[in-house]
Amino acid sequence: APGLVPLVLPYPTLHPSVVYLSHLINPFISQASHTERKKRNRTFIDPVTEVPRLEEWFKENSHPSHTQVSRYTVLLNKLPYRSKFPKLEEKNIQFWFKNRRAKCKRINNS
């Protein structure tokens, strides 16, 4: 047909879908994106001073309100342990409760 250009694949032996996805496994691309990623710092919660308090609060209420989470965050940040380490944020406490609920569910289902 006039005006149509034949499609020439760079790798004639490979299926077109493989050629299409080959850019995803290019080591130069993945290496570049790997170096650009910022490593996430994990928040450490002290098992001696902070976890027992969190467990106590969890027994009282496994789904604390935003106000309670804010109060817990302030109380934990006032502990002597926290003066040497980064302050906890409310999201850290929310995640702790979320993970603790998941642990509870996992234990109950087994």
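Predicted model: local features only at pLDDT ≥ 70, side-chain atom pairs only at ≥ 80, totals over all residues.

Me: What makes the link between the side chains of E50 and R82 a polar contact?

Reply: The two side chains come to 2.8 Å. The cut-off is 3.5 Å between N or O atoms, so 2.8 Å qualifies.

Me: Why is E50 called buried?

Reply: Its relative accessible area is 0%. Buried means under 20%, so E50 qualifies. E50 sits in the loop between helix 2 (27–36) and helix 3. Beyond residues up to four places away in sequence, E50 touches F44, I45, L76, L79, Y81, R82 and L88.

Me: Why is R42 called exposed?

Reply: R42 has a relative accessible area of 70%. From R42 to N92 is 9.8 Å in space, C-alpha to C-alpha, and 50 residues in sequence.

Me: What elements does the chain contain?

Reply: Five helices and zero strands. The order from the N terminus is α-α-α-α-α. Of the 110 residues in the chain, 21% are buried. Among contacts with a separation of 6 or more, 59% join residues 24 or more positions apart.

Me: How do you know that helix 4 has the span expected of it?

Reply: Helix 4 covers residues 66–77, twelve in number. Its first C-alpha and its last are 16 Å apart, close to the 16 Å expected at 1.5 Å a residue.

Me: What makes the buried residues of helix 4 line one face?

Reply: The buried residues are V69, S70, Y72, T73, L76 and N77. Down the axis of helix 4, they fall within an arc of 165 degrees, so they line one face of the helix. An α-helix has 3.6 residues a turn, so residues three or four places apart point the same way. The cover over the buried residues of helix 4 includes helix 3 (51–60) and helix 5 (90–109).

Me: What about helix 3, and which residues of it are buried?

Reply: L54, W57 and F58 are buried in helix 3. Their arc, seen down the axis of helix 3, is within 105 degrees, so they line one face of the helix. K59 and E60, on the other side of helix 3, are exposed. Helix 4 and helix 5 are among what covers the buried residues of helix 3.

Me: And how do you know that helix 5 has a buried face?

Reply: Helix 5 buries N92, I93, W96, F97 and R100. Seen down the axis of helix 5, these fall within an arc of 135 degrees, so they line one face of the helix. N99, K105, R106 and N109 are exposed on the other side of helix 5. Cover for the buried residues of helix 5 includes helix 3 and helix 4. As for span, helix 5 has 20 residues and reaches 29 Å from its first C-alpha to its last, close to the 28 Å expected.

Me: How many aromatic pairs are there? And why is the pair of Y72 and F97 called stacked?

Reply: The whole structure holds six aromatic pairs. Y72 and F97 are 6.0 Å apart, centre to centre, with 15 degrees between the planes. Pairing needs centres within 6.5 Å, and stacking needs planes under 30 degrees apart, so the pair counts as stacked. Y72 lies in helix 4 and F97 in helix 5, so the pair ties together parts that are 25 residues apart in sequence.

Me: Why is the pair of W96 and F97 called edge-to-face?

Reply: The angle between the planes is 80 degrees, and the centres are 5.2 Å apart. Edge-to-face means over 60 degrees, so 80 degrees qualifies. Both W96 and F97 are buried. W57, F58, Y72, W96 and F97 form one aromatic cluster.

Me: What makes up the largest nonpolar core?

Reply: Twelve residues: I45, L54, W57, F58, V69, Y72, L76, L79, L88, I93, W96 and F97. Helix 3, helix 4 and helix 5 each supply at least two residues of this core. Y72 touches W57, P64, I93 and F97, leaving aside residues up to four places away in sequence.

Key. Residues numbered from 1 in each chain as written. Heavy atoms only, no water. Helix = DSSP H or I, 4+ residues; strand = E, 2+ residues; numbered from the N terminus. Expected span 1.5 Å × (residues − 1). Buried < 20%, exposed > 50% of the residue type's maximum accessible area, 1.4 Å probe, protein only. Arc of directions from axis to C-beta. Contact = heavy atoms within 4.5 Å. Core = buried A, V, L, I, M, F, W, Y, C linked by side-chain atoms within 4.5 Å. Polar contact = N/O pair within 3.5 Å; in protein donor to acceptor, adjacent residues only side chain to side chain.
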